[in-house]
Amino acid sequence: MADTQSVVSDVKLFLERLKKEMPEIFGTTEKSTDTNGNAPAPSTANKVLFNGDLCEARTYITPDQEEGVAFDGTVFHIYLKSKESDPSALVTQYLRDKATEILPQKTAKWATEIGVEYNKVFLKDQRTLWASCSSQKNINYSYRIIKMPLVVQDYLVIHELCHLRFMNHGQEYWELVGKFSPDYKLHRRWLNEHKDAVFEDIHITLPPEEMPNESPHN
Ligand SMILES: [Zn+2]
């Protein structure tokens, strides 16, 4: 039943947990200081959290090209018209577009699996809430869900859709969730541990300008 992407996400989640619980088997940890003893910059600066991966972001000034973002599966390539352009806004729009495309698809797929009917899907920029479900059977998502691992995205969709059957968090409700998201406890833990990174705004800055033609003695 699990597709390849879900399996990969599961393995990543497992490794991440292992890394936290047994850092010694992974060698030096990310929290190490640099050679000057300075703490590193916040981990998500100049990176993009997407589908659970913290991806590298590279910026290019290309005045003759349309501005935009291309993701190659590993790196976000951000093409800007000038250094006044805003790479963070472009990536945020990219993530919103992806969420607008993916989350309604996931909702339709899981609604069929679970056997529930919903009305409409709305994408919002909810900062304190990942998702919600209204009495009119509308499902609301924060576009930021797209930053989470695929299995966690699925869990949130399943969580909301199961509320169409049970409008509470009772035992029957969790049994239904567990039927479609067997590792939901693990996913809830991921959400708890990563909520800051998920709600954090994208922050990408241009690298310092190189001035190859200028003499260093100016
Ligand atoms: Zn709920």
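1. Two strands pair if DSSP finds at least two bridges between them. Helices (H or I, at least four residues) and strands (E, at least two) are DSSP runs, numbered from the N terminus. This is a predicted model: local features need pLDDT of at least 70, side-chain atom pairs count only at pLDDT 80 or more, and totals for chains, interfaces and linings use all residues. Residues are numbered from 1 along each chain as its sequence is written.

2. Overall make-up. The protein has five helices and seven strands. From the N terminus, their order is α-β-β-β-β-α-β-β-β-α-α-α. Of its 218 residues, 24% are buried. A residue counts as buried if 20 or more other C-beta atoms lie within 10 Å of its own, as exposed if 12 or fewer do, and as partly exposed in between; C-beta atoms are placed from the backbone. Two residues are in contact if those C-beta atoms lie within 7 Å. Among contacts between residues at least 6 apart in sequence, 50% join residues at least 24 apart.

3. The sheet. Four strands make an open sheet with mixed pairing, in the order β1-β2-β4-β3. β1 (47-50) and β3 (68-71) are the edges; each has a single partner strand, so one side of each lacks a neighbour in the sheet. From one strand to the next, the twist averages 30 degrees.

4. Strand pairings. Strands of a sheet pair through backbone hydrogen bonds, either parallel or antiparallel. Here β1 and β2 are antiparallel, over four bridges. L49 sits opposite L54 in β2. The hairpin of these two strands has two residues between them, and N51 takes a positive phi near 50 degrees. β2 and β4 run parallel, joined by six bridges. Four bridges link β3 to β4 (residues 75-80), and this pair is antiparallel. F76 of β4 deserves a look: A57 stands opposite F76, and F76 is also the bridge partner of F71.

5. Helix α2. This helix (residues 87-114) lies across β1, β2 (53-61), β3 and β4, and runs at about 125 degrees to β4. Axes are lines fitted to C-alpha atoms, for helices over the stretch in contact, and angles run from 0 to 180 degrees between N-to-C directions. At 1.5 Å a residue, the 28 residues of α2 should span 40 Å, and its end C-alpha atoms are 40 Å apart, which agrees. The expected span is 1.5 Å times one less than the number of residues. G115 follows α2, with a positive phi near 85 degrees.

6. The buried residues of α2 are P87, L90, V91, Y94, L95, L103, T107 and W110. K109 also belongs to α2. K109 is exposed, because 12 other C-beta atoms lie within 10 Å.

7. The core. A nonpolar core is a set of buried Ala, Val, Leu, Ile, Met, Phe, Trp, Tyr and Cys residues joined through C-beta atoms within 7 Å. The largest one has 34 residues, and I78, V91, I145, L156 and I158 have the most contacts inside it. β1, β4, α2, β7 (139-142), α3 (150-162) and α5 (184-199) each supply at least two of its residues. α3 gives the most, with nine. Leaving aside neighbours within four places in sequence, I158 is in contact with W110, V177, F180 and S181.
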